[in-house]
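Me: I am new to this structure and would like to understand the words used to describe it. Could you take me through them one at a time?

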Amino acid sequence: MQASQPESYCCPICRQELPCTWLQREGDSPCPRCGQPVWFARKTVGDVVVLTFLPGLIGGAEALHRAAGVLEAAGSASLLIVNLAPMRFITSVFLSMLVHVRQEMIARGGALKLCGADGVAREVIEAACLDSVFEIYKDEAAAFRSCAAPRRDGFQQLLD
Ligand SMILES: [Zn+2]
């Protein structure tokens, strides 16, 4: 895993590259390569995995059952960045799934950071008192910058 890999998003199921225009679409649509319904697009940057969650499929109670798939997509990454920017809303069930994924990442010696949670998504996170649990960054670039900066002991950095 070298940083020379292309930083393009791939389907988490078939691992084929996704067109960037597809990521910006509205609503549900299956992977244009393999036809499977996908929840998120995946890319790797060095040993960091970025999962950008897509609008549509993730609202319901089935979110809890998706944690295994998210962890599988994270693989052996030292850091998992979850980008929520395309999502129009998030649910408490979805957040519970992320809490579980975060715990698993920490158990593996890794970490999970959130980014792109604006507006309603941010309100849902704060209402669940999870803004002190998750490290939340404005965007992907800010989340990456946080890796380069020295960590503050024990405190979550909350940037807006
Ligand atoms: Zn696919």
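**Reading the labels**

Reply: Happy to. Let's start with P32, which has 14 C-beta neighbours inside 10 Å and so counts as partly exposed. Keep in mind that this is a predicted model.

Me: Where is P32, and what is it in contact with?

Reply: P32 sits in the loop between α1 (20-23) and β1. Neighbours within four places in sequence aside, P32 is in contact with P19 and W22. Another residue to look at is L18: it lies 14 residues from P32 in sequence, with 7.5 Å between their C-alpha atoms.

Me: What makes R15 exposed?

Reply: R15 has 11 C-beta neighbours inside 10 Å, and the limit for exposed is 12 or fewer, so R15 counts as exposed. You will find R15 in the segment before α1.

Me: What is the phi of R15, and what is that of C129?

Reply: R15 has a positive phi of about 65° and is not a glycine. C129, also a residue other than glycine, has a positive phi near 60°. For background, most residues other than glycine have a negative phi.

Me: Which elements make up the protein chain, and in what order do they run?

Reply: There are five helices and five strands. Starting at the N terminus, the order is α-β-β-α-β-α-β-α-β-α.

Me: How are the strands arranged in the sheet?

Reply: Five strands form an open sheet with mixed pairing, in the order β1-β2-β3-β4-β5.

Me: What makes β1 and β5 edge strands?

Reply: β1 (40-45) and β5 (135-137) each pair on one side only, and they are the edge strands of the sheet. On average, neighbouring strands here are turned by 25° against each other, direction ignored.

Me: How do you know that β1 and β2 pair?

Reply: At least two bridges are needed for two strands to pair, and β1 and β2 (48-53) have six, so they count as paired; their sense is antiparallel. As one example, K43 has V50 in β2 as its bridge partner.

Me: Which helices lie on the sheet?

Reply: Helix α3 (residues 92-107) lies across β3 (79-83) and β4 (111-115), at about 145° to β4. Helix α5 (residues 140-148) packs on the sheet too, touching β2, β3, β4 and β5, and its direction makes about 145° with that of β4.

Me: How much of the chain is buried, and what is in the largest nonpolar core?

Reply: Of the 160 residues, 32% count as buried. The largest nonpolar core has 40 residues, and V49, L51, L80, I81, V82 and L84 touch the most other members. The largest share of this core, six residues, is given by α3.

Me: What is L80 in contact with?

Reply: Setting aside neighbours within four places in sequence, L80 is in contact with V49, L51, A74, M105, G110 and L112.

Technical notes. Residues are numbered from 1 along each chain as its sequence is written. This is a predicted model: local features need pLDDT of at least 70, side-chain atom pairs count only at pLDDT 80 or more; totals for chains, interfaces and linings use all residues. Helices (H or I, at least four residues) and strands (E, at least two) are DSSP runs, numbered from the N terminus. Axes are lines fitted to C-alpha atoms, for helices over the stretch in contact, and angles run from 0 to 180 degrees between N-to-C directions. Two residues are in contact if their C-beta atoms, placed from the backbone, lie within 7 Å. A residue is buried if 20 or more other C-beta atoms lie within 10 Å of its own, exposed if 12 or fewer, and partly exposed in between; C-beta atoms are placed from the backbone. A nonpolar core is a set of buried Ala, Val, Leu, Ile, Met, Phe, Trp, Tyr and Cys residues joined through C-beta atoms within 7 Å.
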